[in-house]
Each structure stands twice: as structure tokens, then as C-alpha cells.
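Please examine the sequence and the fold shown here before reading on. The paragraphs that follow lead from one local site to the chain as a whole.

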Amino acid sequence: MHKNRQFSKRGASSRTLGADSFSLSLRQSNITQMKHEIVIESLARIDEAAAEFLREIGDSRLVAFYASMGAGKTTFSTAVCRVLGVEDDAVSSPTFAIVNEYRAASGDPVFHFDFYRITKLEEALDIGLYDYLDSGCLCLMEWPENIEELLPEETLKVSIDVREDGSRVISWDD
């Protein structure tokens, strides 16, 4: 873990990363499970939040974003790709294509899925879903609830919630 982070077995700890930008809080519910939250208070600081997200998820390669319509799944996925060095104009919502492939600055593929239009599990299987998921590459998935039964156990399930003030909370357990 990061050397400047404080953990508490009985409570929560948090820190603000940048003035009025976003904060990260971690809650340890037991020795094996940690609750992560990144609060994005300003869209201007979303890349900083995406960089922190990538640091926090470590080696997790399968990331499923759960959120309501308009909560920011594509916007946050775009920021993650930008932090990885994907050309900004290359990233778009794969709503009709189901999956888009990008190249990070490292040359590694990044797969971005949008399962919004999937109505049958076979449609996801027909695009070769498991070939992507088993590739070892970063897979960012929007609307994963439409293929929930197909997701591997190691999929990191991330929630994006919108607060009344318009800020976003990115949260997950590990």
C-alpha cells in the first residue's frame, strides 16, 4: 500500500488529493476486505482520480463499472485510458460496437466494453468475450449487469454514484 496512507482496523481513513478535487477513503471491514472510495468533486480533476484508481486497483485487469445512465461510466473509462496514454480522440463509447480496442502508451491493448444493448448472453459470447477476458489485458466494462453470469470471479466490481452536488463516488471492495 502507499506509504502516506493511514489504515484503521476499526474505522475509516481518508485523505484529500488536491484542493477541492477528489478524496480517497479506505475502510477496512476485516483483514481480507478493504472498501475503497474516490470522490471526484470536479471534472477538471478526473485524470488525477483515474491515476489514483489505477494505482489502487494494482494488477486487477477485469474492471466492471456499475452505475446508472449518465453517471459517468464512459467519462471515467475515457480518463483511465487517457492516463494510460491512449490517444484522446481514439476513445469513444462502444455502445454499438460492444467492444473497442485501444493501445496504451506502453503498446498494451485496452479493451472497453459497453454491454448496454446486450439482451442475450449468447451475444456477448459471440464477440469472443472470454478471449478478451482471458487475454491478461485491461478490460473496462460498462453495463456488466447485462452479462453478470459470464463475469469471472476475479472481476473487480466498481460502483459510480452521483451525489446531490453532482460529484461522483467511485467505490469498490477488494
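Which helix and which strand each supply at least two residues of the lining of the largest pocket? They are helix 2 (73-83) and strand 9 (168-173). The model is a predicted one, in which local features need pLDDT of at least 70 and side-chain atom pairs count only at pLDDT 80 or more, whereas totals for chains, interfaces and linings use all residues. Residues are numbered from 1 along each chain as its sequence is written, and side-chain values use heavy atoms, with hydrogens and water left out. Helices (H or I, at least four residues) and strands (E, at least two) are DSSP runs numbered from the N terminus.

The largest pocket holds about 190 Å³ of space. Of the 15 residues that line this pocket, Ile40, Leu43, Ile46, Gly166 and Arg168 are the closest to its centre. A pocket is defined on a 1 Å grid over the protein atoms alone, as an open set of points where a 1.4 Å probe fits, with protein on both sides within 12 Å along at least five of seven lines; lining residues have an atom within 4 Å of a point. Grid points are joined across faces, edges and corners, and the volume is the space filled by probe spheres set on the points. By class, the lining has 7 nonpolar, 6 polar and 2 charged residues. Here Ala, Val, Leu, Ile, Met, Phe, Trp, Tyr, Cys and Pro count as nonpolar, Asp, Glu, Lys and Arg as charged, and the others, Gly among them, as polar.

Ile40 has Arg168 of strand 9 as its bridge partner. Strand 3 (34-40) pairs with strand 9 in the antiparallel sense over 6 bridges, where pairing requires that DSSP find at least two bridges between the strands. Because 6 of its 7 residues are buried, strand 3 is largely enclosed by the rest of the structure. Buried means under 20% relative accessible area, exposed over 50%, and partly exposed in between (1.4 Å probe, protein chains only).

Between strand 3 and helix 1 lies a loop that contains Arg45. This residue is partly exposed, with a relative accessible area of 28%. The side chain of Arg45 makes a polar contact with that of Glu48 at 2.5 Å; such a contact is a pair of N or O atoms within 3.5 Å, of which, within protein, one must be able to donate a hydrogen and the other to accept it, and residues adjacent in sequence count only if both atoms are side-chain atoms.

Helix 1 comprises residues 46-57 and reaches 16 Å from its first C-alpha to its last, close to the expected 16 Å, a span taken as 1.5 Å times one less than the number of residues. Since 9 of its 12 residues are buried, helix 1 is largely enclosed by the rest of the structure; among the buried residues are Ile46, Phe53 and Ile57. Gly58 follows helix 1 with a positive phi, near 60°.

Ile98, in the loop between helix 2 and strand 5 (99-103), has a phi near 75° and is buried at 17% relative accessibility. Trp143 has a positive phi of about 55° and is buried, with a relative accessible area of 14%.

Overall, the chain has 4 helices and 9 strands, and 48% of its 174 residues count as buried.
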